[in-house]
Amino acid sequence: MRWTTKQLTTMALLTAIALAIHVAEAQIPPLIAIPGVKLGLANIITVYAAFSIGGGAAAMILIARILLGSMFGGGVMSMMYSLAGGVLCLLITLVLRKILTVKQIWVAGVMGAVAHNIGQILVAVVVTGTPSIVSYLPILLISGVITGTFTGFAAQAVVNRMGHKP
């Protein structure tokens, strides 16, 4: 796929914003004492990109953010969890993009967060060889719905403010 200079610049800026959010969020102490629960604020940028500039660009932004974020403070395991969750999140978002209206973008935030948690649990099962880790999924799904609602509404606000190009 060929992108224009304007599109590449937009993608670079969104990647930088998502990476800055990711790094800043890593510095915030956990809001609750449940491992794996975090706000996922960088997903605001992923949802915005998917709805405003397209799936290919959103995928590039997501992959760049995950790779760079892992280099800045994650590591290989962090990258595996982030990639699995992020890719599932983006796939769900792209499917929902075809059926949601601009007033329903927040739903993509919720469903994306749920998909992200499922992806992380799947990686944990594969890495540890412990299928019983799936029992932790309901806790992550509840937190995903809560945080996904917040990030979804934030992404919807950004799309409405910055513009939406279906």
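## Starting from V47

Leaving aside residues up to four places away in sequence, V47 touches T93, I105, A108, G109 and A155. Keep in mind that this is a predicted model.

**Exercise 1.** Find out which residues have the most contacts inside the largest nonpolar core, and which element gives the core its largest share.

*Solution.* 
- Start with the core itself: the largest one has 23 residues.
- Next, pick out the residues with the most contacts inside it, which are L14, V47, F51, I61 and A108.
- Now ask where the core comes from: α1, α2, α3 (55-74), α4 (76-97), α5 and α6 each give two or more residues.
- Finally, look for the largest share, and you land on α2, with 7 residues.
- Apart from this core there's another one, of 5 residues, including V37, I121, L137 and L140.

**Exercise 2.** Decide whether I45 is buried or exposed, and list what I45 touches beyond four places away in sequence.

*Solution.* 
- Locate I45 first: you'll find it in helix α2.
- Its relative accessible area is 9%. Buried means under 20%, so I45 is buried.
- For the contacts, skip residues up to four places away in sequence, and you get L14, I17, A18, I21 and I61.

**Exercise 3.** Search the whole structure for aromatic pairs and work out how the rings are arranged.

*Solution.* 
- The search turns up 1 aromatic pair.
- Its partners are W106 and F153, with 5.1 Å centre to centre and 10° between the planes.
- Planes under 30 degrees apart count as stacked, so this pair is stacked.
- Then place the partners: W106 sits in helix α5 (residues 105-128) and F153 in helix α6 (residues 137-162), so the pair ties together parts that are 47 residues apart in sequence.
- Last, check the accessibility: W106 is partly exposed at a relative accessible area of 30%, and F153 is partly exposed too, at 42%.

**Exercise 4.** Work out which residues form the nonpolar patch on the surface that includes I32, and where I32 lies.

*Solution.* 
- Gather the members: I28, L31, I32, I34 and I139 form the patch.
- Together they have about 430 Å² of accessible area.
- Zoom in on I32, and you're in the loop between α1 (5-26) and α2 (43-52).
- With a relative accessibility of 41%, I32 counts as partly exposed.

Technical notes: Residues numbered from 1 in each chain as written. Predicted model: local features only at pLDDT ≥ 70, side-chain atom pairs only at ≥ 80, totals over all residues. Heavy atoms only, no water. Phe/Tyr/Trp six-rings, centres within 6.5 Å; stacked < 30°, edge-to-face > 60°. Helix = DSSP H or I, 4+ residues; strand = E, 2+ residues; numbered from the N terminus. Buried < 20%, exposed > 50% of the residue type's maximum accessible area, 1.4 Å probe, protein only. Patch = residues over 30% accessible without salt bridge, like charges linked within 9 Å, V, L, I, M, F, W, Y side chains within 5 Å. Areas by Shrake-Rupley, 256 points an atom, 1.4 Å probe, with all protein chains shown as cover. Salt bridge = Lys/Arg side-chain N within 4 Å of Asp/Glu carboxyl O. Core = buried A, V, L, I, M, F, W, Y, C linked by side-chain atoms within 4.5 Å. Contact = heavy atoms within 4.5 Å.
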